[in-house]
Amino acid sequence: MINFLSYTCIGIGIVFWFWGTSHLVSNRSVLFKLHGLSVADTLGSMMIIVGLLLKIPSEWPLLILGIISLAIWNTMLGYVLAYCSIEEEKHE
């Protein structure tokens with residue numbers, strides 16, 4: 001049962017990755033595309049780590065650290081990229 005839950009979480013994470021990537025081909029603004037991609041990648045990566053946590057519970061400290069790092073890093077990276085794209089639009 002744990003294997004099934006683990007692979008389900010990993011599968012959902014991969015679906016989130018592809019779903020976020022699909023936003024890149026839309027006709028929306030760059031910031032909308034970036035937001036969709038960053039949110040989907042963060043959630044997908046976290047789901048994959050949760051799947052690994054179910055599969056390898058002995059490595060929980062590193063996997064929890066990975067989840068926290070993803071949440072902080074991807075949030076900050078999204079803000080930095082959004083700020084840079086706004087600055088670039090002002091100079092054009």
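The largest nonpolar core of this predicted model consists of five residues, Met46, Ile49, Leu63, Ile67 and Leu70. A nonpolar core is here a set of buried Ala, Val, Leu, Ile, Met, Phe, Trp, Tyr and Cys residues joined through side-chain atoms within 4.5 Å; buried denotes a relative accessible area under 20%, exposed over 50%, and partly exposed in between (1.4 Å probe, protein chains only). Helices H2 and H3 each contribute at least two residues to this core, and the largest share, three residues, is that of H3. In soluble globular proteins, nonpolar side chains tend to be buried together.

Residues are numbered from 1 along each chain as its sequence is written. Local features require a pLDDT of at least 70 and side-chain atom pairs a pLDDT of 80 or more, totals for chains, interfaces and linings use all residues, and side-chain values rest on heavy atoms, with hydrogens and water left out.

Two or more lining residues come from each of helix H2 (30–55) and helix H3 (60–91), with H2 giving the most, six residues. By class, the lining comprises five nonpolar, six polar and no charged residues.

Tyr83, found in helix H3, is exposed, with a relative accessible area of 53%. Between Tyr83 and Leu31 the C-alpha to C-alpha distance is 9.5 Å, although 52 residues separate them in sequence.

One aromatic pair is present in the structure. Phe16 and Trp19 form this edge-to-face pair, at 6.4 Å centre to centre and with 70° between the planes. Ring centres must lie within 6.5 Å for a pair, and planes under 30 degrees apart count as stacked, over 60 as edge-to-face and the rest as tilted. Both residues belong to helix H1, three residues apart, about one turn of the helix. Phe16 is partly exposed at 25% relative accessible area, and Trp19 is likewise partly exposed, at 46%.

The mean pLDDT (the predictor's confidence in each residue, from 0 to 100) of the chain is 85, with 93% of residues reaching 70 or more. Confidence is highest in helix H1 (residues 2–22), at a mean of 93, and lowest in H3, at 78.

Terms used
Helices (H or I, at least four residues) and strands (E, at least two) are DSSP runs, numbered from the N terminus. Ala, Val, Leu, Ile, Met, Phe, Trp, Tyr, Cys and Pro count as nonpolar, Asp, Glu, Lys and Arg as charged, and the others, Gly among them, as polar. Rings of Phe, Tyr and Trp (its six-membered ring) pair if their centres lie within 6.5 Å; planes under 30 degrees apart count as stacked, over 60 as edge-to-face and the rest as tilted.
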